[in-house]
Amino acid sequence: MGILGTACGAVTLLAAALASSTAWAQNHPVTAAQRAEAQQVASQGIPVTELAPSAPDVYVVKRGDTLWAISGLYLRKPWRWPELWGMNMQSIANPHLIFPGQTLYLDRTGGFARLRSGLPGQPEEVRISPRTRSDSLADTALPTLQPHLIEPFLVEPQVVDADTLERAPRIVATVDDRVLMAAGDRVYARGDMTKPLEIAPGEPRYFGIYRNAVALKDPVTSEILGYEAQFVGKGELVRGESLEDTPNAKGGFTTEYVPATVDIMSTREEVRANDRLLPTPARGFLSYVPRAPEQPVSARVVSIYGGSAFANAAQNQVVAINMGQQDGIESGHVLQLLTGGQRIKDTTDEAKQMIRLPSEKNGMAMVFRTFDRVSYALILSVRNQVRVGDTLVNPR
C-alpha cells in the first residue's frame, strides 16, 4: 500500500471522530458563547504572529513524534494547538486526529494561520509503510507525550479515601514463609468478608500492590485531599478464595478457608505480608489534546511523586496538584509553573527585614491523570527545581 487517500480511510476517521466527540460532548456540555467562539477559531485559526519562527509549511508526521512536540514545532505557545488545528468544542478531546504518515499543511491566509491535513479540494493523504496492517488508523494515533514518561503513572498512583486501603484485599502468606517476595513469586491474599477475591465475569484479575497510604495535604489549607498509596508492584489473581472440605481424624470432613492465589508480575519493591491489592484501573488513551484550561486555575504542588526520596522535582518528573475533576481539571490541560517566591533577609536594611521575592515563571506542566480532588502532571520544561507549594496557573 502506498498512499491511502480513499473514502475508506476518510470514513474510518470520520466514524472515530464522531464517536469520540459525541461521548465527550455529552459529558462536557458547552454554552452557546463557547460554541460560537470555538467556531470562530475553527474558521480563522490564530494570528501568524503566534507561529514559531521556523514553523514548516509542510510536515509529514513520523513515528516517535508526539503531539506536544509538533505543537512546539508550530507554535510559540504550544497549548494553543486546538486553535491552530481548528477544532471545535465537541472534538477538542478527540485523540484520532493526527497519526504517523499524515501530511500537515500550514495555511497562512489573511494574517491567520491554520493547520490542515490536506490541501483544499484534495483528499487527505496518509503515507504508510508497505506491510500487512491489522490495526486501524485510530490505533496508531499520535501520543500527546512520550509514552514511556507517563505510562507507569497511568496505573501506579492511586488516590483513595481513608478507609479504602484498609478494606482492600491483603496479602496474608507467602510461599515457604518467605518474608520478601519478588516478580515471578506466588503469594496468597484474602479479601473483605463481604467481597472475597473471586475469578468471575466482571471481577478484576489484575491488581496493583500497595502499602502505606500517605495523606496528601493541601499546602495552603492543610486539608487532606486524599491518600496516596505507595506502589509496590503488580499481581494477577490466578485462583479465587474458597471453602474446601478436608478429611479429619474422626472420619468426617472439616470445612476450611483457603485464600486466593496471586502471582507477582512485577515489583518496584519487595512484596510482603499485609500489602494491599487495588484493582488496576483501565488505561486511558494517551493522545489527548494539549490545551489551556477554559476556567481560571490557581493550583499548588501537593507532593512530588516518589515519596520522601525527592525534595525537588525536575523536568520529566511527576507532581501531584491540589485540584482535580471536581475543579474542572482534565487530562491534557497545560499549566504554567511559578516559583514559590523565596523569603530572604534584606541585608541592605539596618533592620534586616524579611521580604518575599515575587513569583516567577518557571516552566510548563501537563495534567495526564485526574482524581476527584487531586491530579498528576508531568513537568514538561523547568528553569529551576519545583518544590511543594509552588503554584500552577493558566499559561500565558
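Modeller: This is a predicted model. Let us start with a lining. The residues around the second largest cavity divide into seven nonpolar, two polar and one charged.

Colleague: Which residues line the second largest cavity?

Modeller: Val 155, Phe 207, Gly 208, Tyr 210, Phe 231, Lys 234, Leu 278, Pro 279, Thr 280 and Pro 281 do. Strands S10 (206-217), S11 (224-239) and S15 (276-279) each give two or more residues to that lining. S10 provides the largest share, three residues.

Colleague: How much space lies in the second largest cavity?

Modeller: About 40 Å³. The structure holds two cavities of 30 Å³ or more.

Colleague: Now the rings. How many aromatic pairs does a search of the whole structure find?

Modeller: Four. Take Trp 81 and Trp 85: their ring centres are 6.2 Å apart and their planes stand at 5°.

Colleague: Why is the pair of Trp 81 and Trp 85 called stacked?

Modeller: Rings pair if their centres lie within 6.5 Å, and planes under 30 degrees apart count as stacked. The distance of 6.2 Å and the angle of 5° meet those limits, so the pair is stacked. Both residues lie in helix H4 (residues 81-85), four residues apart, about one turn of the helix.

Colleague: How do you know whether Trp 81 is buried or exposed?

Modeller: Buried means under 20% relative accessible area. Trp 81 has 1%, so Trp 81 is buried. Trp 85 has 11% relative accessibility, so Trp 85 counts as buried too.

Colleague: What makes the pair of Phe 371 and Tyr 376 stacked or edge-to-face?

Modeller: The angle decides. Planes over 60 degrees apart count as edge-to-face. Here the planes are at 75° and the centres 6.0 Å apart, so the pair is edge-to-face. Both Phe 371 and Tyr 376 are buried. Together with Tyr 305, Phe 371 and Tyr 376 form one aromatic cluster.

Colleague: How do you know that Arg 190 lies over the face of Tyr 257?

Modeller: The distance limit is within 6 Å of the ring centre, and the direction must be within 35 degrees of the ring normal. Arg 190 is at 4.2 Å from the ring centre of Tyr 257 and lies over the face.

Colleague: And the whole chain: how many helices and strands are there?

Modeller: Six helices and 23 strands. Of the 396 residues, 44% count as buried.

Terms used: Residues are numbered from 1 along each chain as its sequence is written. This is a predicted model: local features need pLDDT of at least 70, side-chain atom pairs count only at pLDDT 80 or more; totals for chains, interfaces and linings use all residues. Side-chain values use heavy atoms; hydrogens and water are left out. On a 1 Å grid over the protein atoms alone, a cavity is a set of points where a 1.4 Å probe fits but cannot get out, and a pocket is an open set with protein on both sides within 12 Å along at least five of seven lines; lining residues have an atom within 4 Å of a point. Grid points are joined across faces, edges and corners, and a volume is the space filled by probe spheres set on the points. Ala, Val, Leu, Ile, Met, Phe, Trp, Tyr, Cys and Pro count as nonpolar, Asp, Glu, Lys and Arg as charged, and the others, Gly among them, as polar. Buried means under 20% relative accessible area, exposed over 50%, partly exposed in between (1.4 Å probe, protein chains only).
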